[in-house]
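Me: I have a structure open and I'd like to go through it piece by piece. Can we keep it short and plain?

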Protein chains: 2
Amino acid sequence: MRKEFRDLASLAEAREVAQELTPEPTVEEVDIEDAGGMVLAETLRSPKDVPGFDRSKMDGYALQAEDTYDADEESPAELELAGSVSAGETPDLSVSTGVAVGIATGAPIPEGADAVVPVERTEAEDDVVLVRTSLAPGDHVMYAGSDVAAGERALSSGTLLTQREIGLAAATGRAKLPVYRQPKVAVVSTGDELVRPPGVLDSGQIHDSNTYSVAAAVESAGGEARIYPHVGDDYGRMVEVIAEAAAECDLVLSSGSTSASDEDVVYRVVEDEGSLLLHGVSLKPGRPTVFGSVDETSFVGLPGNPISALSVYRMFVEGMIREAAGLPREPETRTVDASFAAEVRTEGGRTRILPVGMVEDGSGDLLAYSVDRGSGATTSLTLADGYVTVESETNYVDRGEPVEVSVFADGSPPSVLGAGEADAAVASALEVVDSRWLDVSSREAARRLRDGVVDVAVVALSSEDLDSLGVSSYSRHSSYRRLVGFAGDPEDAEVYGVVPEGYGLRGWFEDEVSTDADVRVYRSEEGAYNAAEDGEVDAAAVGADVVPKDGAFEQRGWLDVDLLVADDRRTKSGVQQMLAAVDPDESDGFEGLQVPGDIGDDTG
Amino acid sequence: MRKEFRDLASLAEAREVAQELTPEPTVEEVDIEDAGGMVLAETLRSPKDVPGFDRSKMDGYALQAEDTYDADEESPAELELAGSVSAGETPDLSVSTGVAVGIATGAPIPEGADAVVPVERTEAEDDVVLVRTSLAPGDHVMYAGSDVAAGERALSSGTLLTQREIGLAAATGRAKLPVYRQPKVAVVSTGDELVRPPGVLDSGQIHDSNTYSVAAAVESAGGEARIYPHVGDDYGRMVEVIAEAAAECDLVLSSGSTSASDEDVVYRVVEDEGSLLLHGVSLKPGRPTVFGSVDETSFVGLPGNPISALSVYRMFVEGMIREAAGLPREPETRTVDASFAAEVRTEGGRTRILPVGMVEDGSGDLLAYSVDRGSGATTSLTLADGYVTVESETNYVDRGEPVEVSVFADGSPPSVLGAGEADAAVASALEVVDSRWLDVSSREAARRLRDGVVDVAVVALSSEDLDSLGVSSYSRHSSYRRLVGFAGDPEDAEVYGVVPEGYGLRGWFEDEVSTDADVRVYRSEEGAYNAAEDGEVDAAAVGADVVPKDGAFEQRGWLDVDLLVADDRRTKSGVQQMLAAVDPDESDGFEGLQVPGDIGDDTG
């Protein structure tokens, strides 16, 4: 009834098919002002000498060097001033023995002159110039063709055109440049459950995010993304849109509808309408990836899960687009060496793609940590800098083991990585640096601090709690108190909305109410608050900062939280910047919801 | 007569003025598909739960976990199959004890079910499903709001929007995003000597390159570059164009016409028409930099020399544009630590901006080497990855001294850095990697190999020559012969065109003709060839590969060149790739002009 993938292709086989399906680079002429970031498709030789004439490198006087051979500060050479030459002018005067001509930077050297003395080494009065230095022929002269000679190679084919190459190309007189055309890449989303934003969701539907993340990834790789209308799971509609995309583009990407359940029609469309080269790769995630062609245009079907789609894109498709755009398929900079910050267990059987975040340790070495929050979570996306592949025979990767991270475009370690409880003061301090926050409980944050994953943690834990978790080598930087209480009706509440165990607020709640209270657990305080608003629970334990301005909130007490800093991360400049910003002495952004612990009211 | 800059501003004062002149960031809404690379201007909270309902993480069966508590591979739980739910569907069926419902990844969990068993752990026949594992409530279920709860912060204000943030924003239903608007930056070029390509040059004129390199740099920094018509040195025309640019843009940049000679009118225009804040910075180059405002729009006048213009731009203006675009002014990644590969002598008096190239040594540490070929050389541009500032009191920087490199946008060390003689086989091998070549003589290349600047060198030098230059710790990778001879008329030649001393071809020429021959020296063989064509010299000593297909060339002999590799750079992966490509056994691109040394004709 359900089709199983048989004969899964190996990673190597899939890479080979991706190589085969790579569109050929093609060449177009673009205006030089539009060429930034593109790749030069031909070797550029200068059609003429640059500069085209001998010119002065300085503001000063053109002269015959021989006239200055004995000159110095004490006994200057005295020359007759016979006019001046500006830049852009053709000199109609010439220089003979005993004569000097004023000259501007870039102006042509007049006939007869063979050197320029900088104005700083001279003194001029009426028609006389005193030269207080000796010169050799050629001094401060830039000869014709000395920058680039006519016929000389200025730029090699395959060069990435940055601001600097563009400057050089313009200097040789080029107004247009032959570059590799950006490959046109169609992005097609499938699946009846998806609605493009801002469309209204029916029950069971979610917003399409892959279209936009894949399109942005295509642009980062040097392609031109073209977004096609959403197709559901309808075979006929999919045939239509994919045919149109294949006719207009160099590569067609779909996402979703590639797994083996009844509704998944992408591979059938490719099989029927084009040529299916591969369906099913021994990868987790990424198994249902489809490779083929339609109307002689290459086609790759990505999985529907957002982080899987981007990982499979990064693994196979990014190189195809880069190569079609004339860029190196997989340059060295796209992978970095790191080591695992904490142990990871994986299922065997298939090569595992493990999305990871990266962080620098105190000595600047890179650590990678697993970030996947589970199938379909789009929040995993923003925590991941790239992925690590774990071989199918490996079930366990130890802490400290070296790994190679395949980096997403723009993926890079933040200056500060933190974890733990919500805290407005810390959050505003983090805005001064490029930071990332792992939204986990105090206990989980403490563990990550202990394991050397995070630089800083905000926790609501006593020293004893930290000891018992084995956390050492940290210091308590500062303490805050957070105003907490209830949304909803705490008086007659039967069911409470709370955050999971391990969070400070949960501990406070259990002290405040009872460990036996009937609760429903929400991942975030916002979730619990919403549940109280919607009547799913009678009351929710939340911080005052989670409640909208006009929302009802019954304040009950203060939650103590501490900012902990890992000892070996204090040397990181990002951490130093953040700590300077968080210092309560200099901070003024508490807005009444939070106060530094040492001056706070001791309300119970 | 000439205005001298008095009271030069310090670097710190100039930075302060640049900070003051930074345009305020402004906010606009853009379509999410255009938001890549832009900066989010507001904190983005999800208006609703993501996902909006409890959904399945797997293809499988929704059921009540309790029904499977005793199930395992040997004794499966047997459940009644009561239909199925697809993704995007609203389930109209419910699950009770003993019942299972087929469910696709992403489909809503039907009422009554509290877990999903993956299809791989089941067996289905007719109306019965065998479940071969036990499940806990919540297994393979993604709860409503567990990705992002309604009201929860999804992305912080100030976040750079990459493919991943865009995916998350789309998932929350956003079709438009508030971002910092790209600041509009006017680029105005001045100077009568400049002509925009492809315009024809009159005598004394050169092509404008700054307009295009500065515009590309503006785009790299997150600005929108607007190129205005070229203005010469005419005061009235300059007033007109600068007023138009100031009215339309957030920042106006000019280049050229800022030094103190008679023609330099930029500062006068700013002084008369707007407000001149600063003219003259204690920098070399960069002294004539102008800061001010016109019509309340900030104005910076960059120097005219291409590498000075980009360096001063990088030093003061890049941060202004980045900040106006909502990006961090000077993020950590824009400077890197390196050490000087060779000693550098500088004039004191003003802070020196020293354009440098970068290279990785064998252990991955960065070295910086000076690349300036002299005032106005546009070829310096493509060799520079950034610049180093040398304090005014410093006259000498020793080899190995630590320096901080301010990196140009897209500046990065190449995978292979080489130097020396032209060689087509090596050149084609270098195309397989991201490489850079310093076009210097054999002797200079050998010195740079000795000093640990370059990875590889192509030289026409004997082992004795290398010994006498003090070059050790290298190995000779392979040898080639290059066909050389004369363009022009070598029989009755009185004056020859030749390359400078130190090049193999010059040595060959002196052996072939005489060390006393009357010569004119050209920086490149192309230059010498052009001179013979133009009749400036009677004959030019050149390699066959420099002569156009239909050009006259009299072949006379072979020049031996060797590819040398620094011992401590053999570990670099770029060097390894290049050596694999250059290996004569695998190489086939010699095109008759060059043959590997061991099989070449021994023509004298």
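Me: Which residue is the bridge partner of Val294(A) in E21(A)?
Reply: Thr297(A) is the bridge partner of Val294(A). This is a predicted model, in which local features need pLDDT of at least 70, side-chain atom pairs count only at pLDDT 80 or more, and totals for chains, interfaces and linings use all residues. Residues are numbered from 1 along each chain as its sequence is written, while chains are lettered from A and ligands numbered from 1 in the order in which they are written.

Me: And what counts as a strand or a helix?
Reply: Both are DSSP runs numbered from the N terminus: helices are H or I with at least four residues, strands are E with at least two.

Me: In what sense do E20 and E21 of chain A pair, parallel or antiparallel?
Reply: Strand E20 (residues 290–294) and strand E21 (residues 297–302) of chain A pair in the antiparallel sense, over five bridges. Two strands pair if DSSP finds at least two bridges between them.

Me: What sits in the loop between E20 and E21 of chain A?
Reply: Glu296(A) has its place there. Its phi is near 65 degrees, a positive value in a residue other than glycine.

Me: Is Glu296(A) buried or exposed?
Reply: Glu296(A) is exposed, with 9 other C-beta atoms within 10 Å. A residue is buried if 20 or more other C-beta atoms lie within 10 Å of its own, exposed if 12 or fewer, and partly exposed in between, with C-beta atoms placed from the backbone.

Me: Where else is there a positive phi in a residue that is not a glycine?
Reply: Asp126(A) has one, of about 50 degrees. Asp126(A) is in the loop between strand E8 (122–125) and strand E9 (128–131) of chain A, and counts as exposed, with 6 C-beta neighbours inside 10 Å.

Me: Back to the sheet. What is the strand order?
Reply: E16-E13-E17-E21-E20-E18 in chain A, an open sheet of six strands with mixed pairing. The edge strands are E16 (224–227) and E18 (275–279) of chain A, and each pairs on one side only. Neighbouring strands are turned by 20 degrees against each other on average, direction ignored. Axes are lines fitted to C-alpha atoms, for helices over the stretch in contact, and angles run from 0 to 180 degrees between N-to-C directions.

Me: Which strands does helix H5 of chain A touch?
Reply: Helix H5 (residues 266–273) packs on the sheet and touches E17 (251–255), E18, E20 and E21 of chain A. The direction of H5 makes about 40 degrees with that of E20(A). H6(A) packs on the sheet too, touching E13 (184–189), E17 and E21 of chain A, and its direction makes about 165 degrees with that of E21(A). Two residues are in contact if their C-beta atoms, placed from the backbone, lie within 7 Å.

Me: New topic. How many residues does each chain put into the contact?
Reply: Chain A gives 100 residues and chain B gives 100 residues. On the side of chain A that touches chain B, helices H2 (163–171), H6 (306–324) and H12 (525–533) are among the elements that each supply at least two residues.

Me: How are the two chains related?
Reply: A rotation of 180 degrees with 0.0 Å of shift along its axis superposes chain A on chain B, with RMSD 0.1 Å. That is the relation of a two-fold axis. Copies are superposed by least squares on the C-alpha atoms of residues with pLDDT of at least 70 in both. The same surface serves both copies, as 100% of the contact residues of chain A recur in chain B.

Me: Why is H12(A) called largely enclosed?
Reply: Because eight of the nine residues of H12(A) are buried. Among them are Glu525(A), Tyr529(A) and Asn530(A). The buried residues pack against elements of chain A including strand E32 (474–488) and helix H11 (504–512). Just after H12(A), Gly535(A) takes a positive phi of about 80 degrees.

Me: Last one: which peptide bond is cis in chain A?
Reply: The bond from Pro197(A) to Pro198(A) is cis, with omega near 5 degrees. Pro198(A) lies in the loop between strand E14 (194–195) and E15 of chain A. In chain B, the bond from Pro197(B) to Pro198(B) is cis, with omega near 5 degrees.
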